[in-house]
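Biologist: Before I read anything into this model, I would like each term tied to its cut-off. Could we go through it that way?

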Amino acid sequence: MTKSSIIGVIASIIVIISAFLPWISIHVDGQTLLFTGMNTKGSSFGEPGKLGIAVAVMVLVLFLINKEWSPRVNLFTSAFLAAWYFRNMLIFSRCEMGICPEQKIGLFLSLGAAVIAFACVLLHRRKHVK
């Protein structure tokens, strides 16, 4: 495995872990609502962590497969993963009706790790076997 593959695997694992970390907290009527990628009860966000975990597992497996086609497929899947978490960043961090959420570490960590995984696919160099 190359260095970029190892970093990509680590970034994919961080994406999976960050789905369970706090993403935002909202202070409404004296109570605090805490949302993660897997727990968004009381909102209309859905559960974006489930799709994020599924795609991150696919990216992780494609980093581990040493075939000629795997970096090509991984380019698409990691780009989708980065775009998905960019979308989540936009949706979760926007203000609605004068209530602005407080962003937490999980939201930034998931986006950063997804972008790092995508960059690792772009910087991947195959070892030529003769």
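Modeller: From the N terminus on, the elements run α-β-β-α-α-β-α, which gives four helices and three strands. This is a predicted model, in which local features need pLDDT of at least 70, side-chain atom pairs count only at pLDDT 80 or more, and totals for chains, interfaces and linings use all residues. Residues are numbered from 1 along each chain as its sequence is written, and side-chain values use heavy atoms, with hydrogens and water left out.

Biologist: What makes a stretch a helix or a strand here?

Modeller: Both are DSSP runs, numbered from the N terminus: a helix is a run of H or I with at least four residues, and a strand is a run of E with at least two. As for overall dimensions, the C-alpha trace spans about 65 × 20 × 20 Å along its principal axes.

Biologist: What makes a residue buried, and what share of the protein is buried?

Modeller: Buried means under 20% relative accessible area, exposed means over 50%, and partly exposed lies in between, with a 1.4 Å probe and protein chains only. By that rule, buried residues make up 39% of the 130 residues. In helix 3 they include Leu-81, Trp-84, Tyr-85 and Phe-92, and in helix 4 they include Leu-107, Leu-111, Cys-120 and Val-121.

Biologist: What do the buried residues of helix 4 pack against?

Modeller: They pack against helix 1, strand 1, helix 2, helix 3 and strand 3 (102-103), whereas the buried residues of helix 3 pack against helix 1, strand 1, strand 2 (31-36), helix 2 and helix 4. Contact in this sense means heavy atoms within 4.5 Å.

Biologist: Why is a group of residues called a nonpolar core?

Modeller: The name applies because its members are buried Ala, Val, Leu, Ile, Met, Phe, Trp, Tyr and Cys residues joined through side-chain atoms within 4.5 Å. The largest such core has 29 residues, and those with the most contacts inside it are Val-15, Ile-24, Leu-81, Tyr-85 and Phe-92. Two or more residues each come from helix 1 (3-18), strand 1 (22-28), helix 2 (48-64), helix 3 (70-92) and helix 4 (105-122), with the largest share, seven residues, coming from helix 4. Leaving aside neighbours within four places in sequence, Phe-92 is in contact with residues including Trp-23, Ile-24, Phe-35 and Leu-107.

Biologist: Which residues form the nonpolar patch on the surface?

Modeller: Met-1, Ile-6, Ile-10, Ile-14, Leu-64, Ile-105 and Leu-109 form it, with about 630 Å² of accessible area together. Patches are made of residues with over 30% relative accessible area and no salt bridge, where nonpolar side chains (Val, Leu, Ile, Met, Phe, Trp, Tyr) are joined within 5 Å and like charges within 9 Å; areas come from the Shrake-Rupley method with a 1.4 Å probe, and for residues only the protein chains shown count as cover. Helix 1 gives the most to the patch, with three residues.

Biologist: Why is the pair Glu-47 and Lys-50 called a salt bridge?

Modeller: The term requires a side-chain nitrogen of Lys or Arg within 4 Å of a carboxyl oxygen of Asp or Glu. The closest N and O atoms of Glu-47 and Lys-50 are 2.7 Å apart, so the pair meets that limit. It is one of four salt bridges in the structure, among them Arg-94 with Glu-96 at 2.6 Å and Lys-104 with Glu-102 at 3.4 Å. Glu-47, at 38% relative accessibility, counts as partly exposed.
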